[in-house]
Amino acid sequence: YGIQGINIDFVNVYLKDKELMVQFVREAVPLLHEQGLVVSIDVTVKGGSETYSLFMDRERIGKLVDYMIVMTYDEHWATSPLAGSVASLPWVEKGITRIMEEDGVPASKLILGVPFYTRIWTETKENGTTKVSSRAVGMKVVEDLIAVKGLVPVYDEKTGQHYVEYREDGKTIKIWIEDEVSMKNRIDLVMKYDLAGVASWSRGFEKPEIWSVIRDTLEQRLR
């Protein structure tokens, strides 16, 4: 099929298998390079979960692969007890810089993984406590929702995103919006640290205009 490379993406790996993960990459990369393939690997930002984050030896694996894609999401995940951004800008920047500083992975190998989705958060008060639920949606869903309900998003300096909330049926709905503004801010981090590029999750969640934002911002490096 003329594919240029292989992307390795493992999650839910036991911490006791951390060394085996390194060995798998150590053995796989030379074989893939023999086929002329570029090898990248997906990693999370550094966190406390053994099977999601700690099992990955970013320092050693970073020396083996061609590129490391840092999945800078989910700061607030599907079942998070608190509503919040999928990937606030300060959290994203910290996630990238920690890997460069603590694991010695050079910027030239790092690819910024950005979310094309957000979460619609619903907060419900029950017996004096707040229950939180969420659902992941693409950019167009949020755009249409804002138009239908006549909402006016405001820019949130803390997250680098537009934000909107409203009340419905006694519930509070909160959305940290992914749009052209949030994407421009993310791609600016690629430029700031001279990272290798940008990756996204997941195709189909974006608006067509997002590709122009990514292209136009990255092309500034060529000027």
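In the predicted model described here, E168 stands opposite K171 in strand β9. Helices and strands are DSSP runs numbered from the N terminus, a helix being H or I with at least four residues and a strand E with at least two. Residues are numbered from 1 along each chain as its sequence is written. The model is predicted, and local features therefore need pLDDT of at least 70, while side-chain atom pairs count only at pLDDT 80 or more and totals for chains, interfaces and linings use all residues; side-chain values use heavy atoms, with hydrogens and water left out.

Strands β8 and β9 run antiparallel and are joined by seven bridges; two strands are taken to pair if DSSP finds at least two bridges between them. Strands of a sheet pair through backbone hydrogen bonds, either parallel or antiparallel. An open sheet of five strands is formed in the order β6-β5-β9-β8-β7, with antiparallel pairing. Strands β6 (129-138) and β7 (154-156) stand at the edges with a single partner strand each, so one side of each has no neighbour in the sheet. From one strand to the next, the twist averages 30°.

Two helices lie against these strands. Helix α5 packs on the sheet and touches β5, β6, β8 and β9, its direction making about 115° with that of β6. Contact denotes heavy atoms within 4.5 Å, and axes are lines fitted to C-alpha atoms, for helices over the stretch in contact, with angles from 0 to 180 degrees between N-to-C directions. Helix α6 (residues 180-193) lies across β7, β8 and β9 and runs at about 145° to β8.

Five aromatic pairs are found in a search of the whole structure. Rings of Phe, Tyr and Trp (its six-membered ring) pair if their centres lie within 6.5 Å; planes under 30 degrees apart count as stacked, over 60 as edge-to-face and the rest as tilted. The ring centres of Y73 and Y117 are 6.1 Å apart with planes at 80°, so this pair is edge-to-face. Distant parts of the chain are linked by the pair, with Y73 in the loop between β3 (67-71) and α4 (89-103) and Y117 in strand β5 (residues 117-126), 44 residues apart. Y73 is buried at a relative accessible area of 10%, and Y117 is buried at 5%, where buried means under 20% relative accessible area, exposed over 50% and partly exposed in between (1.4 Å probe, protein chains only). Y73, Y117 and F205 form one aromatic cluster.

A tilted aromatic pair is formed by Y163 and W176, at 4.7 Å centre to centre and 50° between the planes. Y163 belongs to strand β8 (residues 161-168) and W176 to strand β9 (residues 171-177), 13 residues apart. Y163 is buried at 14%, as is W176 at 12%.

The structure contains 18 salt bridges, each defined as a side-chain nitrogen of Lys or Arg within 4 Å of a carboxyl oxygen of Asp or Glu. One of them joins R60 and E19 at 2.8 Å, N to O. It links helix α3 (residues 58-62), which holds R60, to helix α1 (residues 18-34), which holds E19, across 41 residues. R60 is partly exposed at 32%, and E19 is partly exposed at 42%. K207 and E143 form a further salt bridge (3.1 Å, N to O). Here K207 is buried at 7%, whereas E143 is partly exposed at 37%.
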